[in-house]
Amino acid sequence: MALKNRKTLFTTLSKDSAQQLDTLASKTGKPKTRVLDEAVETLYKQKEVEDMEQQHPQGTAITIATNKGGAGKTTSTAAIADILAKKGNRILLIDADPQGNLSKRFGFAPNAFPENYLGELIQDRMDHRDAHRDISYYINPSEGYSNIDIIVSNLRLDGDYSAMNAESIKGTTVFRTIIEDVRALDVYDYILIDTRPSLNNEVGAVLVASDYVMIPVEPTEDAIFGADATIKFMATCRRMNPALKLLGIFMTKVYNRTKSFQEAAPVIRDSWESSVFKTIIPRSQDVDNAGNEGKPVTTMFPNKKITKKYEQLVEEAVNRIHA
Ligand SMILES: Nc1ncnc2c1ncn2[C@@H]1O[C@H](COP(=O)(O)OP(=O)(O)OP(=O)(O)O)[C@@H](O)[C@H]1O
Ligand SMILES: [Mg+2]
């Protein structure tokens, strides 16, 4: 790539850069113009790589967590995955909740007994298996979504978690190993992890391996305590994973006219200020209807208000990641 206006560039070079250029030219025996062209080309290439990395950050790991049960973690994980995938991202879901609700949304019935579910992967990476399998063995294509894959859960996962909790160092770092293996595949833009309603070692191990946390909060007193406890728990996990960030708290299952919303929403905004996403996910019967069909609500009802709201939430979240 030859520069068109080298002359301008030469005159604007700082004294140090001009000297460096002289030295390089005399060392390599190349004309100064060539040295300059090559330097600019290298910079362009670096920029291209940086731009690509910006678009494909090799699996940004986002965990949806709160110890409040029924807060909308699974519903939101499924919706966010669906929307990110529709935007052309490659998604890996990890269903880290033995209830297996996320797996169900993507075509894996909880009463099935897959050999390659998350618990087997945990046991494998904790060296409890004779032969280690490649991470790809544990990744399933999801039913009906070409760019969403999933590591599924199963009720048996509780037993595997017990084994994990019995080994402090390996247990705490096993999800980190799993995420590293996934990233080495260099396939996924986002890794989304759905967790159980708890702040125990298992969720801790997931947070130790995550880049970001999103916390759903229903505007009720109990749910606010849940979000508060989750943020405190994140502070503990940061001792092992200082890069862990709160991507944001979002209000969900909101019915505007209720007294509890009118009272709780200002408390949420005052407590967590700019961490609270602007988008509010409404309470909608569509969620249950989609759940009964075993589908994410955004897939089942692409034109409904709740889907538009999840789209806005995803836009806010992605903007925060790239800010
Ligand atoms: N926006 C919504 N409007 C109405 N109902 C909702 C909404 N979001 C979730 N629900 C319902 O609330 C219940 C709990 O939702 P979900 O399973 O997503 O929560 P969760 O936090 O994953 O629960 P758990 O803590 O058991 O894992 C489900 O019956 C779901 O259909
Ligand atoms: Mg759930």
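The bridge partner of Met 251 in S8 is Ile 280.
The model shown is predicted, so local features are given at pLDDT of at least 70 and side-chain atom pairs at pLDDT 80 or more, whereas totals for chains, interfaces and linings use all residues. Residues are numbered from 1 along each chain as its sequence is written, while chains are lettered from A and ligands numbered from 1 in the order in which they are written. S7 and S8 run parallel and are joined by three bridges; two strands pair if DSSP finds at least two bridges between them. Strands (E, at least two residues) and helices (H or I, at least four residues) are DSSP runs, numbered from the N terminus. The eight strands form an open sheet with mixed pairing, in the order S3-S4-S2-S5-S1-S6-S7-S8. S3 and S8 (276-282) are its edge strands, each pairing on one side only.

**View 1. Strand S5 is mostly covered, with five of its five residues buried.**
A residue is called buried if 20 or more other C-beta atoms lie within 10 Å of its own, exposed if 12 or fewer do, and partly exposed in between, with C-beta atoms placed from the backbone. Tyr 190, Leu 192 and Asp 194 point one way from S5, whereas Ile 191 and Ile 193 point the other way, and all are buried. In a regular strand, side chains alternate between the two faces of the sheet. S5 runs parallel to S1, to which it is joined by five bridges, and Thr 60 stands opposite Tyr 190 in S5. Five bridges also join S5 to strand S2 (residues 91-95), again in parallel, and here Leu 93 has Leu 192 as its bridge partner in S5.

**View 2. The largest nonpolar core has 81 residues, and Ile 91, Leu 93 and Ile 191 have the most contacts inside it.**
Such a core is a set of buried Ala, Val, Leu, Ile, Met, Phe, Trp, Tyr and Cys residues joined through C-beta atoms within 7 Å. If residues up to four places away in sequence are left out, Ile 91 touches Ala 81, Leu 84, Ala 85, Asn 147, Ile 148, Tyr 188, Tyr 190 and Leu 192. Two residues are in contact if their C-beta atoms, placed from the backbone, lie within 7 Å.

**View 3. Helix H9 (residues 201-208) is mostly covered, seven of its eight residues being buried.**
The buried residues of H9 are Glu 202, Val 203, Gly 204, Ala 205, Val 206, Leu 207 and Val 208. The elements that cover them include strands S1 (60-64), S5 (190-194) and S6 (212-217), together with helices H7 (157-165), H8 (168-185) and H10 (221-237).

**View 4. Lys 73, Thr 74, Thr 75, Pro 197 and Val 287 come nearest to ligand 1 among the 19 residues around it.**
A residue is near a molecule if its C-beta atom, placed from the backbone, lies within 6 Å of it. Helix H4 (73-86), strand S7 (245-254) and helix H12 (285-292) each supply at least two residues of this shell. The shell divides into four nonpolar, 10 polar and five charged residues, where Ala, Val, Leu, Ile, Met, Phe, Trp, Tyr, Cys and Pro count as nonpolar, Asp, Glu, Lys and Arg as charged, and the others, Gly among them, as polar.

**View 5. Ile 139 lies in the loop between helix H6 (118-125) and strand S3 (140-141).**
Ile 139 counts as buried because it has 22 C-beta neighbours inside 10 Å. Leaving aside residues up to four places away in sequence, Ile 139 touches Leu 92, Asp 149 and Ile 151. Leu 121 is 18 residues from Ile 139 along the chain, and their C-alpha atoms are separated by 9.9 Å.

**View 6. Asp 127 has a positive phi of about 65°, although it is not a glycine, and Lys 253 likewise has a positive phi, near 55°.**
Most residues other than glycine have a negative phi. Asp 127 is placed in the loop between H6 and S3 and counts as exposed because it has 10 C-beta neighbours inside 10 Å. Lys 253, by contrast, is placed in strand S7 and is buried, because 21 other C-beta atoms lie within 10 Å.
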